[in-house]
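Colleague: Hi! Could you walk me through this one?

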Amino acid sequence: MLLRGLQLAAIWEAFRVATASLRANKLRTALTLMGIIVGVTAVIAVVTIIKGLDQTVAQTFSSQGSTVFTVSKNPQIIKSREEFIRSNRRKDVLHEDAEAIQRTCTACWRVGIAANAIETVKYNDQKAENVRIRGVDPLSMFDIDGVSINVGRIWTESEGASGREICVIGPDMLKNLFNDAPADRAVGQEIRIDGRPYLVLGVLEPLGSIFGFSRDNVVYIPYSTYQKTYGSRRSLVVFIQVHSTDQLETAEDQVRTVMRNRRGHLNGDTDDEGFALETQDVFLNLYGSATSNIYIVTIGVAAISLVVGGIVVMNIMLVSVTERTKEIGIRKAIGARRKDILTQFLIEAVTVTALGGAIGVGTGFGLAYIISALIGFPLLVSVASAVLGVGVSSVVGIVSGLWPAWRAAKLDPIEALRAE
Amino acid sequence: MSDATLTLTPPQSVITPRVEIDGVYGHDPRMLISMRNIWKTYQMGTESVHALHGVSFDIPRGEYIAIIGPSGSGKSTLMNLIGCLDTPTQGEYWLNGKNVSEMDDDELARIRNQEVGFVFQTFNLLARATALHNVELPLIYGGIGAAQRHEMAKKALSSVDLTERMTHKPNELSGGQRQRVAIARALVNHPSILLADEPTGALDSHTSMEIMDLFERLHSEGNTIIVVTHEHDIAARAHRVVSIRDGLIEKDERIK
């Protein structure tokens with residue numbers, strides 16, 4: 001509405017004057033920009049980082065699939081001390097529980113068990129520390145975990161039941177134990193886990209890492225072997241997979257019924273079912289609430305710095321109007337209308353803030369790039385957030401420039417010409 | 001106040017005939033400038049100060065006129081009114097067939113852009129802009145396209161012999177050159193009047209004479225020139241001198 005009736009030449013003149021005056025006062029311009037830059041940088045960096053993490057998380061969990069849920073003694077995410085104490089009082093989840101679920105649950109497609117230990121793995125004089133040793137049974141646990149064999153083979157059913165020292169290694173083992181040798185070089189070799197020799201049958205396809213933690217730093221062994229080494233009375237995790245997500249609820253209900261029958265209520269603690277049934281929603285919800293908190297904090301930081309930035313811009317614009325009273329007088333004398341002057345100062349304010357926004361978008365992406373390179377997740381540069389960053393800062397420019405510009409526009413030409 | 005309109009003092013101008021309509025002296029449509037019974041009153045606290053009380057005169061197209069008077073005589077007020085920087089408290093002012101006495105701010109800005117070319121004592125050029133850009137400025141606000149604007153501005157600068165200095169900024173020019181840039185800026189839009197306020201006040205006597213020679217030439221080319229001054233030798237270069245004292249026209253004489 002304001003721009004209607006304004007000639008393009010006048011707008012260009014305003015822009016020219018704006019950039020000239022910004023160039024003439026470089027330090028002042030830099031200080032003015034600071035608040036806007038900080039605000040936009042924060043938003044762009046956080047949005048970009050979280051978008052990258054979102055993608056990583058989505059990929060990770062879809063490899064295991066949202067058709068999987070678990071039954072275990074201790075929940076995978078413990079939210080309070082009470083929960084920890086309570087879950088520790090529970091009976092262990094054992095192989096028999098998995099068998100009962102397998103027998104009774106009609107909606108369940110695959111049922112498997114897994115238990116983890118952290119060990120040091122050796123090959124000749126090479127050593128890999130903090131390796132996840134995963135004992136699994138039956139073979140369908142590989143499918144539930146979403147891992148597949150790259151080179152070599154998985155053990156057979158009978159091998160798995162025999163309790164023999166055989167294993168399938170994650171690709172990190174190639175790097176850490178075999179000096180990055182081709183995968184087929186590792187097959188048939190003997191590695192040592194906690195001093196015991198294991199024959200390498202196969203090497204897994206790489207899965208990549210999440211939040212800087214490699215998912216390939218793993219050795220799979222048969223559960224029977226795991227049990228032999230680590231004892232049978234250790235709690236394990238039952239993994240249940242359904243065909244499709246719409247069966248998930250039915251399967252969960254059936255599993256819950258089975259487990260309740262097997263547990264009853266422990267120690268008169270009627271609130272506790274005696275087991276933890278969790279879907280990946282647990283992770284996703286935790287992740288979602290963590291990121292939404294980060295979003296809120298960031299938006300808060302950005303809002304504060306944009307408001308402060310806006311006040312600084314308004315202040316600088318008022319100074320600018322005062323300094324250029326004479327110029328305004330000259331322009332009015334030779335025919336500038338109110339809206340010409342108003343536009344000139346508005347454009348000047350918007351030019352500063354949009355510039356700040358653009359720089360903020362740049363530094364935000366830069367910051368996100370550095371952090372993504374350090375942590376290891378994809379950098380998703382979103383055009384929408386760049387446009388939003390510059391857009392919001394332009395709006396800040398209009399809002400904070402309006403009053404100074406209006407003061408300039410309604411100056412009396414005679415008074416203004418008299419100014420020095 | 002409406003009584004004042006009816007009890008108008010007889011016209012002081014002897015040069016141009018008055019047009020009388022229904023017993024009231026109205027504006028003369030043949031004139032470029034026609035002022036009737038112009039009052040300008042300022043409110044100073046509780047007191048009203050009359051800077052002008054009932055000034056009437058006409059200026060035909062192509063005249064070279066000086067308005068002279070001591071400081072505080074009301075000549076600056078009159079100049080601001082002629083230049084459409086201000087509107088009279090009362091009275092009628094017709095400029096080039098338009099009644100500008102009742103216009104609002106933006107309409108006045110339009111008139112200043114199209115009809116008035118200002119030349120100030122202190123030049124009033126934009127310090128950061130080149131001579132060419134300074135001259136282009138009225139055309140920018142007049143909505144003239146870039147190519148035509150450059151052409152017109154260059155022509156105006158060459159008419160004041162500044163073709164060589166087009167890309168210079170004001171601080172790279174002498175006082176006389178700056179004033180010539182200002183004159184080029186005033187002329188670039190082909191305004192009805194060239195209104196100069198003490199145009200030689202900041203110049204040495206030699207440069208002053210150059211500027212006055214330039215005015216004479218511009219007048220001979222058909223421009224209407226109004227010079228407001230307190231210096232008699234500057235006023236003497238005009239063809240008609242209007243003397244202002246105490247907010248009234250004291251004398252209005254043709255000298256050439």
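Colleague: What is the handedness of the crossing of α6(B) and α7(B)?
Modeller: That crossing is right-handed. Keep in mind that this is a predicted model.

Colleague: Which residues make the contact there?
Modeller: From α6(B) they are Gly175(B), Gly176(B), Gln179(B), Arg180(B) and Ile183(B). On the other helix, α7(B), you will find Thr207(B), Glu210(B), Ile211(B) and Leu214(B).

Colleague: And by class, how many of each does the contact of α6(B) with α7(B) have?
Modeller: The contact of α6(B) with α7(B) has 3 nonpolar, 4 polar and 2 charged residues.

Colleague: At what angle do the axes of α6(B) and α7(B) cross?
Modeller: Roughly 20 degrees, and the axes come within 10 Å. That angle is why α6(B) is roughly parallel to α7(B).

Colleague: How does α4(B) pack with α6(B)?
Modeller: Helix α4(B), residues 131-141, packs with α6(B) at about 30 degrees, and their axes are 7 Å apart. The two are therefore roughly parallel to each other. The crossing of α4(B) and α6(B) is right-handed.

Colleague: Which residues are in that contact?
Modeller: On α4(B) they are Ala131(B), Asn134(B), Val135(B), Leu137(B) and Pro138(B). On α6(B) they are Val181(B), Ala184(B) and Arg185(B). Sorted by class, the contact of α4(B) with α6(B) has 6 nonpolar, 1 polar and 1 charged residues.

Colleague: Switching to chain A, what domains does the assignment give?
Modeller: Domain 1 of chain A covers 8-60 + 285-418, and domain 2 of chain A covers 67-278. Their C-alpha centres lie 53 Å apart.

Colleague: How many residues does α13 of chain A have?
Modeller: Helix α13(A) has 38 residues, 338-375. From first C-alpha to last, α13(A) reaches 54 Å, close to the 56 Å expected at 1.5 Å a residue.

Colleague: What follows α13(A)?
Modeller: Gly376(A) does, and its phi is positive, near 95 degrees.

Definitions and conventions. Residues numbered from 1 in each chain as written. Chains lettered and ligands numbered in written order. Predicted model: local features only at pLDDT ≥ 70, side-chain atom pairs only at ≥ 80, totals over all residues. Domains from an automatic or database assignment. Helix = DSSP H or I, 4+ residues; strand = E, 2+ residues; numbered from the N terminus. Expected span 1.5 Å × (residues − 1). Axes fitted to C-alpha atoms, helices over the stretch in contact; angles between N-to-C directions. Parallel < 35°, antiparallel > 145°, perpendicular 65-115°, else oblique. Left-handed = near helix turned anticlockwise from the far one by under 90°. Contact = placed C-beta atoms within 7 Å. Nonpolar A, V, L, I, M, F, W, Y, C, P; charged D, E, K, R; others polar.
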